[in-house]
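This briefing is intended for reading alongside the sequence and the three-dimensional model. Its points are grouped by topic.

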Amino acid sequence: RVKVLDQMIDDEVFSQKAEELKLKVHSRELEQGIIELQERSFRMDPQTGRARSDEEIQKVMRMELDKEGFTETQFRERITRQLKIRKVQRELTQAKVRPASEDQMQASFKKIKSMVSGSTEVIKGLPDFAAQGYMSFAVQLKDAHAERVRVSHILIKAPQGGALVVKTKALAQARALKKRLEAGENFYELAQGESEDAESASRGGEIGSILKGWMPPAFEQAAFSLSVGQVSDPVETDFGFHLIRLQEKKAAEPLIYSRLKFDIQKFLENIGFQEELQKLLAQLRSQATIEVKLP
């Protein structure tokens with residue numbers, strides 16, 4: 001409750017400053033802001049991971065607005081307010097942000113390398129926004145440079161806790177499909193026709209790239225132990241039995257400063273922006289009359 005209230009107060013003081021400066025949001029900016037929100041919040045279906053069509057996005061967004069009790073006019077007014085807040089933040093802080101020096105970038109790179117290795121000691125004492133920024137950036141770089149595999153699978157469902165006869169039948173079916181593959185049948189076509197994972201079956205079983213820790217342990221262990229082009233024996237998870245085919249394997253890559261210099265520079269500029277934003281917020285709050293009436 002306290003955090004939500006603080007955010008509401010922050011938004012209000014920024015909004016009032018935008019009104020004081022008579023900042024405007026043009027129709028072109030509003031439409032772009034709505035598109036950005038749609039892409040960020042509604043493009044991907046969280047249940048299936050599938051990209052929605054533009055028509056589906058409009059339908060889902062309309063359902064969300066109805067659920068929240070927003071009319072189209074109220075929604076556009078809220079987006080306009082958010083864009084004014086963003087604009088006043090940018091106009092009053094951006095010019096104060098100084099480019100990161102070479103020493104600062106080198107020091108930041110050392111912190112990030114340490115964090116990717118598992119240490120968080122290097123961010124102790126930093127402001128919360130900076131510590132959270134470093135954590136997020138380190139995770140992003142760790143994932144981008146980690147060992148990964150691209151896999152396809154054929155799933156025969158046998159839900160966890162189901163009857164033994166169902167599991168036995170599913171295992172026999174998976175073994176029979178493996179024999180068909182060994183006899184020369186095409187994995188892509190077999191997945192389309194036989195896999196019970198409807199979402200990936202339409203792509204010939206393609207799941208995409210995965211990192212360690214993303215999938216059930218048994219699935220992951222099998223996937224990372226295969227050679228490219230090899231198909232596993234049936235692998236049991238809570239979903240059933242999988243035949244996993246390794247499409248591609250990418251080795252882990254070291255973090256190299258020269259390759260990351262531009263990203264680190266942009267990251268430090270964002271940290272600098274957040275620092276100036278905190279200063280601006282403190283200034284605006286000190287000038288405002290704020291009464292908290294909640295218990």
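**Briefing on the predicted model**

Helix α1 makes the greatest contribution to the lining of the largest pocket, supplying six residues. The model described here is predicted.

**The largest pocket**

- The space within the largest pocket amounts to about 590 Å³.
- Its lining comprises 14 residues, and those nearest the centre of the pocket are Q7, D10, F129, Q278 and L281.
- Three helices, α1 (2-20), α6 (128-145) and α11, each provide at least two residues of this lining.
- By residue class, the lining of the largest pocket consists of five charged, five polar and four nonpolar residues.

**Helix α11**

- Helix α11 covers residues 257-287, 31 residues in total.
- A bend of about 35° occurs in α11 at D263.

**Aromatic residues**

- Three aromatic pairs are present in the structure.
- One of these is formed by F137 and F267, whose rings are stacked, with 4.5 Å from centre to centre and 15° between the planes.
- Together with Y134, the residues F137 and F267 make up one aromatic cluster.

**Position K22**

- K22 is located in the loop that runs between α1 and α2 (27-41).
- The relative accessible area of K22 is 65%, and K22 is therefore classed as exposed, the cut-off being over 50%.
- K22 and K84 are 62 residues apart along the chain, and their C-alpha atoms are separated by 9.6 Å.

**Position D54**

- D54 is part of helix α3, which comprises residues 54-68.
- With a relative accessible area of 48%, D54 is classed as partly exposed, a class that lies between the buried limit of under 20% and the exposed limit of over 50%.
- In sequence, D54 and N186 are 132 residues apart, and in space the C-alpha to C-alpha distance is 34 Å.

How values were computed:
Residues are numbered from 1 along each chain as its sequence is written. This is a predicted model: local features need pLDDT of at least 70, side-chain atom pairs count only at pLDDT 80 or more; totals for chains, interfaces and linings use all residues. Side-chain values use heavy atoms; hydrogens and water are left out. Helices (H or I, at least four residues) and strands (E, at least two) are DSSP runs, numbered from the N terminus. The expected span of a helix is 1.5 Å times one less than its number of residues. The bend at a residue is the angle between axes fitted to the seven residues ending there and the seven starting there. On a 1 Å grid over the protein atoms alone, a cavity is a set of points where a 1.4 Å probe fits but cannot get out, and a pocket is an open set with protein on both sides within 12 Å along at least five of seven lines; lining residues have an atom within 4 Å of a point. Grid points are joined across faces, edges and corners, and a volume is the space filled by probe spheres set on the points. Ala, Val, Leu, Ile, Met, Phe, Trp, Tyr, Cys and Pro count as nonpolar, Asp, Glu, Lys and Arg as charged, and the others, Gly among them, as polar. Buried means under 20% relative accessible area, exposed over 50%, partly exposed in between (1.4 Å probe, protein chains only). Rings of Phe, Tyr and Trp (its six-membered ring) pair if their centres lie within 6.5 Å; planes under 30 degrees apart count as stacked, over 60 as edge-to-face and the rest as tilted.
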